[in-house]
Amino acid sequence: MQRLFTTTRQQLTRCSRTKAIRTYSSSSGSKFELNNLPPDWKTYAAAGGAVLVGAYLFSSPKKQEHKELTSDDKFAKYTKSFGGKEEVEKKQSPAEIAAAEELEASKPMRDRMAVFVRKMQGKIVDALDNLEIQAAQELGVAPKLFRRDEWIRAEGGNGLSCVLQDGNVFEKAGVLVSAVHGPASAELIKQMRARKKEGLADESGVYHMFVAGCSMVLHPHNPHAPTAHLNYRYFELTKEGEDKPVASWFGGGSDLTPAYLYEEDAVHFHKTIKDVCDAHDVEYYPKFKKWADEYFYIPHRKETRGIGGIFFDDLEHGDANKRFKFVEQCGLTFNDQYIPIMEKRWNAPFTAEEKKWQQLRRGRYAEFNLVVDRGTKFGLVTPGVRIESVMASLPLTARWEYQHSPVPGSRESQLLEVTQSPRNWV
């Protein structure tokens, strides 16, 4: 039973994994010829080496130890696309930190959020890549790491999609960021008015939107390892010819979708994010946990998608800086919520029947995302939408069976009971 499906998966992806480690890792001994470098990188290579973030690691002609990229290194490069900070901050005194925070708080929220979502993405992708590398070492194969896809939206804005398929740990994983702007469609304004958004009373007004966010879905191979979802975003609307937003708000959350229930995992995931919520407002967690149970509900199945987490939208009242700090800490805490669970579950033994059950639950995931999810609907009415990004949340494989019902008293039925009657985990 142990390591079931592992050998087949290794055989099917051995070639692509071998290519991946030569592309991403300096530890393989792969050498890169200067003549093969893009022209605009030759100067840096000759001068002593430079890094193309997330893809290549070069060294100068002299033998020297390769330096592993940090999240901050990547952050410094990524944020240039949004006009953010171009250098990693040095260690500062308390007075310097206070002055820097005051300066940061004075910047437009759109700029702060555009920089933050790239930073959050970098830290999450780093942690997931490290998990794939650790798994590859244990399995004795080459790791397959995230593909990084920079893109520009013709109507305004840009983004970075980090996607992994057929890895050692993840069947499919996407960590996507975007910061887009442009005219708001009539359909979008109609939706906003239906949600009672203030500042949109002028029926003849022309509005422009700005949206910055990070959205992530992780689908592991192993049925004992849970799927995870995260989304944190900022939205604002301005009237044409004006700079001050007429409406702006934060939204987001994170939730867990296991195929098999491990109560200690549920408690850990919920407690970690509850601690963040409590540090900002003790009313946040109970309110946002309930909101998640209600939001991630599949009406036609009469069950939730998973075991929840937190979800909030229209966070628009009160001090904007405090709201931003809350969203920031939530996003940067995700690795603590999820990685310890995956380290325990990614390589647990499983059977063919357990894999089949996971695929059935993936079917539920797809149903929710395509039929219910507000984010999918919003993406599809956004002008110039990037369909690949909207659909990246869907699992690589799923299954539907006619009138399938788990055996009473089984672990499968235990999971179903929790989705039909959500529990308080902390």
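Student: What do β6 and β7 form, and how many residues lie between them?

Tutor: β6 and β7 form a hairpin, with six residues between the two strands. Keep in mind that this is a predicted model.

Student: How do you know that strand β6 and strand β7 pair?

Tutor: Two strands count as paired if there are at least two bridges between them. Strand β6 (residues 207-220) and strand β7 (residues 227-239) are joined by 12 bridges and run antiparallel, so they meet the criterion for pairing. Tyr-207 has Lys-239 in β7 as its bridge partner, and Val-217 stands opposite His-229 in β7.

Student: Which residue of β8 does His-229 stand opposite?

Tutor: His-229 stands opposite Asp-255 in β8. β7 and β8 pair over 11 bridges, in the antiparallel sense.

Student: Why is β7 called largely enclosed?

Tutor: A residue is buried when its relative accessible area is under 20%. In β7, 11 of the 13 residues are buried, so the strand is largely enclosed by the rest of the structure.

Student: What makes β3 and β11 the edge strands?

Tutor: Start with the whole sheet: seven strands form an open sheet in the order β3-β4-β5-β6-β7-β8-β11, with antiparallel pairing. β3 (147-152) and β11 each pair on one side only, and these are the edge strands. From one strand to the next, the twist averages 10°.

Student: Which helices pack on this sheet?

Tutor: Helix α7 (residues 263-280) is one of them, touching β7, β8 and β11, and its direction makes about 30° with that of β11. Helix α11 (residues 352-372) also packs on the sheet, touching β5 (170-183), β6, β7 and β8, and its direction makes about 170° with that of β6.

Student: What holds the strands of a sheet together in general?

Tutor: Strands of a sheet pair through backbone hydrogen bonds, in either a parallel or an antiparallel way. Here, strand β8 (residues 247-257) and β11 run antiparallel and are joined by six bridges. Gly-253 has Phe-311 in β11 as its bridge partner.

Student: Is β11 mostly covered or mostly open, and how do you know?

Tutor: Strand β11 (residues 308-315) is mostly covered, since seven of its eight residues are buried.

Student: Why is Asp-314 called partly exposed?

Tutor: Asp-314, which has its place in strand β11, has a relative accessible area of 23%, so it counts as partly exposed.

Student: Where is Lys-302 found, and why is it called exposed?

Tutor: Lys-302 is found in the loop between β9 (297-298) and β10 (303-304). Exposed means over 50% relative accessible area; Lys-302 has 58% relative accessibility, so it counts as exposed.

Student: What makes Glu-264 partly exposed, and which residues does it touch?

Tutor: Glu-264 lies in helix α7. Its relative accessibility is 46%, so Glu-264 counts as partly exposed. Not counting residues up to four places away in sequence, Glu-264 touches Lys-344 and Arg-345. The C-alpha atoms of Glu-264 and Trp-425 are separated by 9.2 Å, with the two residues 161 residues apart along the chain.

Student: Why is α5 called roughly parallel to α10?

Tutor: The axes of helix α5 (residues 109-139) and helix α10 (residues 334-345) come within 11 Å and cross at roughly 10°. Angles under 35 degrees count as roughly parallel, so α5 is roughly parallel to α10. Among the residues that meet are Ile-124 and Leu-128 in α5, and Ile-339 and Met-342 in α10. The residues of this contact divide into seven nonpolar, two polar and two charged.

Student: How confident is the predictor in the protein chain?

Tutor: The mean pLDDT is 80, and 75% of the residues reach 70 or more. Over residues 1-67, though, pLDDT stays under 50, and over residues 69-89 the pLDDT is below 50 as well.

Technical notes. Residues are numbered from 1 along each chain as its sequence is written. This is a predicted model: local features need pLDDT of at least 70, side-chain atom pairs count only at pLDDT 80 or more; totals for chains, interfaces and linings use all residues. Side-chain values use heavy atoms; hydrogens and water are left out. Axes are lines fitted to C-alpha atoms, for helices over the stretch in contact, and angles run from 0 to 180 degrees between N-to-C directions. Helices (H or I, at least four residues) and strands (E, at least two) are DSSP runs, numbered from the N terminus. Angles under 35 degrees count as roughly parallel, over 145 as roughly antiparallel, 65 to 115 as roughly perpendicular and the rest as oblique. Contact means heavy atoms within 4.5 Å. Ala, Val, Leu, Ile, Met, Phe, Trp, Tyr, Cys and Pro count as nonpolar, Asp, Glu, Lys and Arg as charged, and the others, Gly among them, as polar. pLDDT is the predictor's confidence in each residue, from 0 to 100. Buried means under 20% relative accessible area, exposed over 50%, partly exposed in between (1.4 Å probe, protein chains only).
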